[in-house]
Amino acid sequence: MSIRNAHRSFGDLPVLTGIDFDVAPGRCCAVVGANGAGKSTLLRCVVGADRLDAGVIDIDGTPVDETSRAFRRKVAAVLGDVPAFAHLTAHEHLQLVATGHGVPDPFDAATQALAEVDLLAVSDRLPVTFSSGQRRRLALASAFVRPRTLLVLDEPEQHLDTAGRSWLAAVLESEKQSGRTVLMVSHDAELVDAVADQVVEADSW
């Protein structure tokens with residue numbers, strides 16, 4: 001992933017000003033800094049939910065284009081609460097996500113993703129019955145169930161207890177070992193120390 005001369009303003013307020021950095025496959029980059037520094041805006045631009053005013057973001061040779069099927073097959077993201085269908089179980093929800101992204105065996109992919117996030121025992125429950133920590137794990141499973149070379153996460157540690165954050169660190173290490181790139185915003189210094197290969201300070205933008 002490559003970001004070159006990224007600029008984004010809202011009215012007269014500059015948020016991103018000439019940002020440049022690369023993240024290689026198999027590495028994790030943590031973006032850290034104070035609230036309001038533009039961290040989440042950067043992630044939204046990376047996944048195509050927002051657009052730069054100037055500059056280029058390139059994912060494995062593919063420019064950001066949320067309408068492109070090729071781009072969507074490269075990027076999976078959790079940028080907040082991921083809505084789930086009220087009438088679908090956790091397993092059915094993940095099957096639907098997998099189907100929407102062209103996964104060959106959605107049932108098996110959903111089962112595997114639920115196992116990865118330790119929710120297999122509650123796979124037949126409606127997400128509305130989940131705790132906040134379980135909902136966060138299901139949101140992550142919604143990313144894990146789809147194809148990706150880049151995983152983008154905005155404060156993935158939210159709603160996770162100490163054991164959950166240790167689990168998250170192990171999951172992100174596994175993503176790296178699989179050759180995927182991880183870009184995350186985090187306020188958890190221990191998580192950043194555990195998994196980040198490089199750190200970008202948003203306060204210095």
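This is a predicted model: local features need pLDDT of at least 70, side-chain atom pairs count only at pLDDT 80 or more; totals for chains, interfaces and linings use all residues.
Residues are numbered from 1 along each chain as its sequence is written, and side-chain values use heavy atoms, without hydrogens or water. Local features require pLDDT of at least 70 and side-chain atom pairs count only at pLDDT 80 or more, whereas totals for chains, interfaces and linings use all residues.

The largest pocket holds about 570 Å³ of space. A pocket is an open set of points on a 1 Å grid over the protein atoms alone, where a 1.4 Å probe fits, with protein on both sides within 12 Å along at least five of seven lines. Grid points are joined across faces, edges and corners, and the volume is the space filled by probe spheres set on the points. Lining residues have an atom within 4 Å of a point. The lining comprises 26 residues, of which A77, V82, H101, S142 and R146 are the closest to the pocket centre. At least two lining residues come from each of α1 (39–47), α2 (69–72), β6 (75–78), α3 (90–100) and α5 (132–144). Helices (H or I, at least four residues) and strands (E, at least two) are DSSP runs, numbered from the N terminus. By class, 15 lining residues are nonpolar, six polar and five charged. Nonpolar covers Ala, Val, Leu, Ile, Met, Phe, Trp, Tyr, Cys and Pro; charged covers Asp, Glu, Lys and Arg; the others, Gly among them, are polar.

Helix α5 has 13 residues and spans 19 Å from its first C-alpha to its last, close to the expected 18 Å. The expected span is 1.5 Å times one less than the number of residues. In α5, 10 of the 13 residues are buried, so the helix is largely enclosed by the rest of the structure. Buried means under 20% relative accessible area, exposed over 50%, and partly exposed in between (1.4 Å probe, protein chains only). The buried set includes R136, R137, S142 and F144.

The charged end of R137 sits over the ring of W167, 4.3 Å from its centre. This contact requires CZ of Arg or NZ of Lys within 6 Å of the ring centre and within 35 degrees of the ring normal.

Most residues other than glycine have a negative phi. N5, in strand β1 (residues 2–10), has a positive phi near 50°. N5 is partly exposed, at 40% relative accessibility. H159 has a positive phi of about 70° and lies in the loop between β7 (150–154) and α6. H159 is also partly exposed, at 45%.
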